[in-house]
Amino acid sequence: MTRSTLLSALWLLAATAFAQQREIRNPHTTPADVAAGAKIFRGHCGECHGLKGEGGRGPSLITGVYYHGATDEDLFNNITDGIPGTSMPGVFFSGDQVWQLVSFVRSLSASKAAPPKGDIARGERIFREKGCQGCHLVRGEGGVNGPDLTLIGSQRSPEHLRRAIVAPGDKVLRDHWVAKVTLENGKSYSGFILNEDTHTLQILEQQQGLQSLTKRDFNRYSVEKTSTMPSFARQLKEDELNDLVAYLHSLERKGGSR
Amino acid sequence: MKYLPFLLLACTAFGQVTFDRLLKADAEPHNWLTYSGSYKGWRYSGLNQINKANVKDLKLSWVYQMPVTHRVETTPLVIDGVMYLSEPPSNVVALDAATGRQYWRYRRSLPSKINVCCGQVNRGVAVSGDRVFIGTVDAHLVALNAKTGAVLWDIEVADYKSGYSVTVAPLIVKDMVITGIAGGEYGIRGFLDAYDIKTGQRRWRFWTIPGPGEKGHETWSGDAWKQGGGPTWVTGSYDAEQNLIIWGTGNPSPDWNGDVRPGDNLYSDCAIALDADTGKLKWHFQFVPHDVHDWDAVQVPVLVDTEFQGRQRKLVYWAHRGGFYYVLDRTTGKFLLGKPFATQTWANGLDANGRPMRKQGIDPTPEGVEVWPGVQGATNWYSPSYNPLTGLFYLTAWENKGLYRKGDAEYVAGNRYIGSVPKIDLEDEPGYGAIRALNPKTGERVWEHKLHTKPWSGVLSTAGKLVFAASGGWITRDRQEMEAWFYALDADSGKELWRINLGGDMSTSAITYAVNGKQMVTMAAGSAIFTFTLP
């Protein structure tokens, strides 16, 4: 190797290292860009990701968790080229328009950037003191009469969490409907519906854990879409409610899909 | 064994699929020669080794796992002991139909960016002579050698960068390979093409959206026809006696916002009958003029010659996505009968010509309007079946409503051009699915096999008086909705006689064939092909 090629090689090495460090940032982040991105999203992305990015055939985009890379550049590339091996297609928009889409997608999880007011440690204490764990699991501890809250901060907005504490009966999501089953032999079961098909039912039974039942054996079967959780509106002061919401919001996904 | 003579007959032309064999596909039920089993579109097999009495003993014979991740919608063909099937996105495999062992595999190299509305899928291949044909998601048509998988020719059907793709299984007619096109969500201008089997040269093209000066163009306004849609993404049928190719067309574009396209928008959502030699339109019947709900008419046309209302007629039976079952005259396209086969809230019935009498307030709005059936329709591309022994018409039906929302639609070549984001499943009212049997001469329901979820797969019926069907599918994979049963029903009563959990999405329809004297039943589930037989 001559001296000049050695120098060139060293220069190239340095340039590559520099390029690797340089982060590509979204140049289109004004409110007007977000609005323009929203319009494109509605026409092109919402069919799978939901009109508000809440998910559907495609994953939710409101959690701030992106499984195929979370940098601006990752989002730009995934939108432009699509994601191989999935149903996510690429698009044929201009680069500027894709950046506007990236801005809109980011805005969907903006609440993640500004966590709710309240003290997480105090919230955790309140969670234990008020007996929430009697019904709710957090990281494997607690009961199964209510939804598992281990990842609830990734799954619900602070506003949703607050509403669920003060008015739990307002809207019970399908994940938390309860199957009540009595078999021909008199045995009865009550639990969250995990899966159901034409012939069988899989539930998380409140006392007996995971149960797979055959519909042929059913005598009675009903689905309760109401909540058994009492309202905590009167039991919590405003500060305490904020702390509890802050604690629940801190229960986040660390990777994986559930 | 009843079909032994046919086996011997087939040996004389081993591996060579002539036009004559395709015309007489019924005479060799041990083979599955075309997408629907025969030109008539029945998805029916004359095999009866597996029947009502013994289907309970059906056992898994072999599994072929595809090394792919896209959804599988393929219908395999079986020719003299060799199974030819497509793998998504656009690969072809030849297997030993007795064991599932692979002979060869054609793996297509594709551009990195391809837009297909609902996944990079393929519904099957066609075989003629010693050639296998596949349409590709980058909108090419490819001819392969049936013994080696080597490429004989590879031609561009349309520009994939403008949203065109080929997902449909081709159909061989005479010395031509007929292919449709997909892209109804990308503002394509739809067509049906015929290519020379030997050279790949195009013989004719029928534009499903007529241009200036062509009949039907007056049903469009301005330049809307240029992106008018009308794709042809499910294989049609062939009436040899009249030399007519009968094929269904899909939605006009943009799907849910019809403001830019006032008029009936011919020939979207139509049954079209084309002269096979020239591609000229003989007749058409439009199921939904000016569709704004995405109710494609891409169902397989079921061709039956029978006595109808007192005289012998050539008929087409057609259960359309919008929820009505139709009987059409196959010589003229004349509407003869129409009746809902599922709940629908958009029409006050059909008039004397079969035109729907639309209700007010059913068109999509920015806020959304609830209409039955939902966006995926009361049925869709899933194959129906006609069984000459029971005289019944079998189909997959959905009981569901959708929320139809209207949005902006701006055409940018290669991007989605749909004008909305409809809601397919309403969270609290997902509806349910069913396999239904209709009396095809009246549209009356004879029986129903009710399902918890809405299937994305079609039906196969056999001379064993069985209907093979499946449950579950690719959008209903939420954990409360997942089911994956493959089962056999009594074709007379709908009673379930056998079932197995295949554990994966089923988005196609079963086939049956015989090899070494044993009847086999094949169904794709997840990324695998499962084949069953009696012990």
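Predicted model: local features only at pLDDT ≥ 70, side-chain atom pairs only at ≥ 80, totals over all residues.
## Orientation of helices H4 and H5 in chain A

From H4(A), the residues that make the contact are Asp72(A), Leu75(A), Phe76(A), Ile79(A) and Thr80(A). H5(A) contributes Val98(A), Trp99(A), Leu101(A), Val102(A) and Val105(A). Sorted by class, this contact has 8 nonpolar, 1 polar and 1 charged residues.

## Helix H2 of chain A

Helix H2 of chain A covers residues 31–44, which makes 14 residues. From its first C-alpha to its last, H2(A) reaches 20 Å, close to the 20 Å expected at 1.5 Å a residue.

Several residues of H2(A) are buried, among them Asp33(A), Val34(A), Phe41(A) and His44(A). Gly37(A), Ala38(A), Ile40(A) and Gly43(A) are buried as well. The cover over the buried residues of H2(A) includes helix H3 (46–49) and helix H5 (95–108) of chain A.

## Where chain A touches chain B

Between the two chains, 25 residues of chain A are in contact with 27 residues of chain B. On the chain A side, H2, H3 and strand S2 (188–196) each supply at least two residues. By class, that side of chain A has 7 nonpolar, 10 polar and 8 charged residues.

## Backbone features in the loops of chain B

Two cis peptide bonds may be noted in chain B. One runs from Pro88(B) to Pro89(B), with omega near 0 degrees; Pro89(B) lies in the loop between strand S4 (82–87) and strand S5 (91–96). Another joins Trp372(B) to Pro373(B), with omega near -5 degrees, and Pro373(B) lies in the loop between strand S25 (369–371) and strand S26 (385–387).

Positive phi values in residues other than glycine occur at Ala139(B), near 60 degrees, and at Asp294(B), near 65 degrees. Ala139(B) is placed in the loop between strand S8 (131–135) and strand S9 (140–145) of chain B. A residue counts as buried if 20 or more other C-beta atoms lie within 10 Å of its own. Ala139(B) has 25 other C-beta atoms within 10 Å and is therefore buried. Asp294(B), found in the loop between strand S18 (281–286) and strand S19 (302–308) of chain B, is likewise buried because 27 other C-beta atoms lie within 10 Å.

Conventions
Residues numbered from 1 in each chain as written. Chains lettered and ligands numbered in written order. Helix = DSSP H or I, 4+ residues; strand = E, 2+ residues; numbered from the N terminus. Expected span 1.5 Å × (residues − 1). Buried ≥ 20, exposed ≤ 12 C-beta atoms within 10 Å, placed from the backbone. Contact = placed C-beta atoms within 7 Å. Nonpolar A, V, L, I, M, F, W, Y, C, P; charged D, E, K, R; others polar.
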